[in-house]
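Open the model in your viewer and keep the selection tool at hand. The stops below say what to select next and what is there.

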Amino acid sequence: MPSAPDLKRQRGRFPMSKFHSSGEILGDSGFITKGLIAAGELEDLNAHLGPTERATDLAVTKAVEEGGYFITLYERWYENYYTMRDRGPFAPLPWGVRHLVTALAYRYTRVMLYMQGTGRYTAEEVTSLRGEMIGMLGDFAEASRARSAHEEDGPFWILGGEKPSEADFTVFGYLAGCVGTFTQPATTALIKSHPALIEYIERIQYRYFPDFELGDLQVAAKVHVE
């Protein structure tokens with residue numbers, strides 16, 4: 001667990017990582033990734049990208065991190081409050097504690113989303129933004145699947161190249177996090193309406209995370225794992 005001074009130094013940003021070699025503490029996944037690459041502990045997945053591809057990779061990553069994440073947070077707390085309270089992460093808590101903690105978390109999230117901007121939209125506007133986000137990712141996955149020279153049963157990558165880029169970490173994590181839980185049913189239904197997205201998730205999961213359960217997904221193509 002990070003210490004209180006560490007949290008203060010990083011202004012409460014998560015995830016947070018402490019580098020054992022230098023003792024440096026970094027918050028935010030983007031800065032952690034850059035720090036690991038600079039320290040020679042992580043391969044630069046964007047090294048093979050050209051300028052336009054790098055720009056596209058950054059745009060997709062930020063669209064998910066700065067848009068999709070908060071839209072999903074809105075869905076969890078504004079549209080599925082009781083699911084979050086009674087079946088979500090607070091379910092193991094005793095009844096009284098669960099109600100109190102969930103109410104406090106909801107109040108904090110509501111203020112945060114309002115200040116960030118998503119909380120200022122109407123429910124109809126959020127639904128529209130959600131559709132645009134998943135539709136954009138679906139278009140990328142469809143185009144990538146059509147043009148990538150991937151193995152018959154191997155993964156294909158969101159930018160359509162032969163290798164993954166940093167955007168794949170963000171996109172896969174976001175999509176898998178949605179379909180693997182039940183606290184954002186609208187987003188999950190949208191993802192399932194794009195066969196290319198489901199196949200994108202399944203192929204990466206089967207290759208790299210075979211023990212990770214994603215629930216009942218209907219894939220567009222049968223995937224075999226040797």
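Select Glu 75 in this predicted model; Glu 75 lies in helix H3, which spans residues 51-79. Helices here are DSSP runs of H or I with at least four residues, strands are runs of E with at least two, and both are numbered from the N terminus. Is Glu 75 buried or exposed? Glu 75 has a relative accessible area of 1% and is therefore buried. (Buried means under 20% relative accessible area, exposed over 50%, and partly exposed in between, with a 1.4 Å probe and protein chains only.) Now show what surrounds Glu 75: apart from residues up to four places away in sequence, Glu 75 touches Asn 80, Arg 130, Thr 183, Gln 184, Pro 185, Ala 186 and Thr 187. A contact means heavy atoms within 4.5 Å.

Two notes apply to the whole tour. Residues are numbered from 1 along each chain as its sequence is written. Local features need pLDDT of at least 70, side-chain atom pairs count only at pLDDT 80 or more, totals for chains, interfaces and linings use all residues, and side-chain values use heavy atoms, with hydrogens and water left out.

Two packed helices are described by the angle between their axes and the distance between the axes. By class, the contact of H3 with H6 has 12 nonpolar, 3 polar and 3 charged residues. (Ala, Val, Leu, Ile, Met, Phe, Trp, Tyr, Cys and Pro count as nonpolar, Asp, Glu, Lys and Arg as charged, and the others, Gly among them, as polar.)

The contact of H6 with H9 divides into 6 nonpolar, 1 polar and 3 charged residues.

Keep H9, residues 195-208, and bring in helix H7, residues 166-179. Their angle is about 105° and their axes are 10 Å apart; H7 and H9 are therefore roughly perpendicular to each other. Phe 172 and Leu 175 of H7 are among the contact residues, as are Tyr 200 and Ile 204 of H9. The contact of H7 with H9 has 9 nonpolar residues, 1 polar and 1 charged.

Now select Arg 85 in helix H4, residues 81-86. Arg 85 counts as buried, at 14% relative accessibility. Beyond its neighbours within four places in sequence, Arg 85 is in contact with Phe 90, Ala 91, Arg 98, His 99 and Thr 102.

Finally, colour by pLDDT, the predictor's confidence in each residue, from 0 to 100. The chain averages 85, and 81% of the residues score at least 70. Over residues 218-226, pLDDT stays under 50. Where pLDDT is low, the predicted coordinates should not be read in detail.

Note on methods:
Axes fitted to C-alpha atoms, helices over the stretch in contact; angles between N-to-C directions. Parallel < 35°, antiparallel > 145°, perpendicular 65-115°, else oblique.
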